[in-house]
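Subject: Model for you to look at

Hello,

Here is the structure I promised to pass on. Please open it first and then read my notes below.

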Amino acid sequence: MLKLDKTEIWLVVSALVLLASAFLLPNWLTFILTLALAKALVVQGVVIQMRAGLVSFGQGLFFCIGGYSVGMGGAFLNIHDAFVLVALGVAASVGVAAILGLLMTRYRDIFFAMLSLALSMILYGLIVKNQALGSTDGFNVHDVSFLGWMPAGEDQKLVIFVLTVIVAGGIAIALNRYMKSGLGGVNEAIKENEIRVEFLGLSPRWILYANYLFAAGISAVGGAFTALATGHVDPEMAFWTTSGEFVFIALLGGTSHVAAPFIAAVLFALVRTYALELAPHSWQMILGFVLLAIIVFLPKGLWSLVAGKRRAAA
Amino acid sequence: MKRTRSYLAPTALALAAAIGFSAPVTAAENGKFRVGIVTFLSGAAAGPFGVPSLNGAKLVIDALNEGKVPAPYGLKGINGLEIETVIVDENGGASKQVEEFRNLAERHKVDAVIGYISSGDCLAIAPVAEELKLTTVLFDCGTSRLFEENKAPTYVFRTGLDAAIDNIGAARYLIDSGRKLESVASIQQNYAWGHDSWGDFSAAIKQLKPGVKVTTEQLPKLFQGQYGAEISALSVSKPDVIHSSFWGGDMEAFVLQGNARGLFDKRTAVLTCGESALDRFKGQAPNGLVIGARGPFGAFAPENTLSTWFRTAYRSSAEMDPTYPAFKMAQAILGLKAAVEKAAGKPGVIPAKEEVARSFKGLSFESVSGTVRMARANGHQALQGIAYGEYKFDAKSDKATIANVKSYSGECVTPPDGTTAADWIKAGFPGAQCN
């Protein structure tokens with residue numbers, strides 16, 4: 001009934017390898033992977049919209065809503081179950097997106113980019129003004145449980161890693177199906193020529209609206225897992241540099257394949273942490289050069305390494 | 001192009017793999033004491049805080065490794081073991097700092113971490129340090145919430161002071177200096193530090209002198225740099241005193257722009273972080289400007305063997321006077337050394353982390369700022385006094401000094417355990433012992 005295509009088999013295998021390696025890899029590496037995979041989910045949200053020609057410079061908005069839902073759910077609503085908190089984040093995020101989307105889908109190109117950035121900076125401003133939420137310092141996420149089970153210390157991080165891998169894998173498969181469906185193909189068409197799509201009898205605006213909601217939902221999942229893993233949320237999550245990083249990782253990976261954002265996010269995290277170690281005073285420069293090299297030599301992102309090889313083999 | 005790509009692909013993948021799976025750095029089983037030092041090396045906080053603190057760290061650690069620090073710190077390194085450092089840039093936000101803290105603990109296997117200027121980073125790091133059971137000395141961040149949120153710390157210590165003390169001290173200084181003080185105005189950076197500082201100061205000044213009017217509260221955004229509109233608003237509101245917790249480039253810009261427009265001609269301003277720019281104002285700040293150093297640090301540090309040694313050594317290596325961030329970093333390193341050596345009992349061993357935590361708790365140690373007692377937050381927070389003074393520039397010698405210094409003891413300005421700073425101020429400082 002559920003027939004997996006080649007990509008999906010690869011995704012499942014990768015997820016299983018990651019799950020198995022959780023017990024072999026050192027804790028610091030699984031932690032980096034957790035954050036990278038969570039971030040990759042937000043990047044997927046950027047990529048969905050990018051395929052239809054819209055660049056969101058404000059995906060941090062939903063990342064932040066996801067994170068703060070986890071933090072505030074624990075601090076103010078006394079909800080400590082991770083699953084409920086993540087669901088709360090998704091619900092809040094999609095709810096906000098449902099309203100904002102009505103406005104956002106009327107804009108294209110730079111106007112969409114700027115408006116999305118502005119909206120996320122509004123949330124940033126609101127949180128900074130709010131003393132009860134710790135302003136720029138943020139606050140801690142305490143006492144998270146998993147269906148009544150409350151693992152401590154390293155076990156908790158391991159559980160979050162396992163959950164992140166499973167959820168990211170599930171979302172990746174769903175995205176892959178969407179990408180390869182007829183509707184997924186229409187996204188490319190909207191990017192190329194929106195008017196023609198309309199003449200084909202489809203409504204680009206409502207397709208973009210659906211994309212926007214879906215992107216908001218998975219970005220919130222990414223934010224929620226980041227909050228659970230780091231145990232702290234701060235308004236930086238909605239700051240424009242955070243959103244910029246998501247766009248950057250999206251370009252780094254390329255938009256042609258569902259696995260690309262994951263690979264790019266992991267590579268980005270590893271390059272950053274090792275650059276920081278090698279050159280504490282000029283790590284940004286190393287990061288910059290690596291990214292520049294990728295853009296110059298692989299203009300279609302890291303995925304063109306794989307895609308290029310395939311073409312050569314064919 | 002195709003050819004290049006076919007070479008590039010395996011190379012890039014191999015590189016990625018090499019980065020991903022290179023073996024972790026060897027554990028600190030090389031007979032050295034490994035310390036992670038985290039401070040701002042890039043961004044706006046690097047200039048005023050990060051770099052002086054790193055200079056201070058390098059100087060103290062090198063001198064300790066050579067056994068050149070005066071008594072009671074004559075023992076080489078930490079407990080006779082050479083100190084090895086892993087330096088991390090604090091820039092990049094709290095979740096990245098949590099990631100790097102875990103790397104320090106598990107990849108670099110450090111014996112202790114000293115660091116953190118940003119309050120947000122301290123709040124995020126504290127629970128992780130407890131989880132990983134890693135001795136962590138916070139040297140600068142000032143948030144009162146640190147031990148209010150982490151009520152039962154074991155491995156987290158703060159050798160710097162709570163920011164509430166800066167503002168309680170500033171309020172007391174203004175009252176005691178006998179200035180005209182009918183009204184105050186505020187200008188703060190619009191983020192947690194600014195909000196908290198003004199909250200504490202305004203509460204304290206109203207408590208000490210009931211009836212003081214607040215004429216205006218300006219909250220320009222962080223790193224705005226241009227304060228034309230705010231200076232106008234402050235000028236027309238005609239306050240007797242202006243309070244500001246500005247730091248770094250923002251503070252220098254505000255003082256320069258305000259001075260040029262005569263903002264400080266008829267009134268004084270109190271800058272809680274002012275000392276960090278003492279040598280940088282170069283006479284462009286008005287004489288009589290009240291400045292602080294967030295404790296008995298920098299220009300306010302008392303004369304003793306350690307502070308004299310530190311000043312001389314810092315001057316000869318960095319070619320300027322050490323400001324308060326350098327002093328605070330030196331204090332954190334000396335505190336850690338004192339705690340480890342007390343826990344070890346005999347030289348040449350690294351005591352268990354539980355032992356270090358136990359001996360650090362409630363420790364009393366000599367520092368570049370005098371004697372420090374870890375006497376708050378159940379023995380995890382340093383208790384020290386604070387001093388304020390007036391900026392005074394001597395054009396002849398091209399040197400700035402501080403005049404009319406007044407110090408307040410730790411017991412006078414620090415809330416006792418079991419009460420938050422805000423509640424303590426509101427209740428009228430019960431139990432404060434001021435001389």
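Into which domains is chain B divided? Domain 1 takes 33–162 + 301–383, and domain 2 takes 164–299 + 385–426. Please keep in mind that this is a predicted model.

**Between the domains of chain B**

The centres of domain 1 and domain 2 of chain B, taken over C-alpha atoms, are 27 Å apart. Where they touch, domain 1 of chain B gives 29 residues and domain 2 of chain B gives 26 residues. On the domain 1 side, at least two residues each come from α2, α11 (324–344) and β12 (370–376) of chain B. α11(B) supplies the most there, with 4 residues. By type, that side of domain 1 holds 14 nonpolar, 10 polar and 5 charged residues.

**A β-α-β unit**

β1(B), α2(B) and β2(B) form a β-α-β unit, and this unit is right-handed. The helix covers residues 46–65. The two strands, β1(B) at residues 33–39 and β2(B) at residues 83–89, run parallel and are joined by 7 bridges. One pair to look up is B:Ile37, whose bridge partner in β2(B) is B:Ile87.

**A sheet of 7 strands**

Chain B also has an open sheet with mixed pairing. Its 7 strands come in the order β7-β6-β8-β9-β10-β14-β15.

α6(B), residues 163–176, lies across β8, β9 (268–271), β10 (290–292), β14 (386–394) and β15 of chain B. Against β14(B), α6(B) runs at about 65 degrees.

**Between the chains**

Chain A puts 36 residues into the contact, and chain B puts in 39 residues. On the chain A side, the elements that give two or more residues are α2 (27–51), α9 (204–230), α11 (260–278), α12 (283–297) and α13 (303–313) of chain A. The largest share, 6 residues, is from α11(A). The chain A side divides into 16 nonpolar, 16 polar and 4 charged residues.

Best wishes

Terms used. Residues are numbered from 1 along each chain as its sequence is written. Chains are lettered from A and ligands numbered from 1 in the order in which they are written. This is a predicted model: local features need pLDDT of at least 70, side-chain atom pairs count only at pLDDT 80 or more; totals for chains, interfaces and linings use all residues. Two residues are in contact if their C-beta atoms, placed from the backbone, lie within 7 Å. Ala, Val, Leu, Ile, Met, Phe, Trp, Tyr, Cys and Pro count as nonpolar, Asp, Glu, Lys and Arg as charged, and the others, Gly among them, as polar. Two strands pair if DSSP finds at least two bridges between them. A crossover is right-handed if, with the strands pointing away from the viewer, the path from the first strand over the helix to the second runs clockwise. Domain bounds come from an automatic or database domain assignment. Axes are lines fitted to C-alpha atoms, for helices over the stretch in contact, and angles run from 0 to 180 degrees between N-to-C directions.
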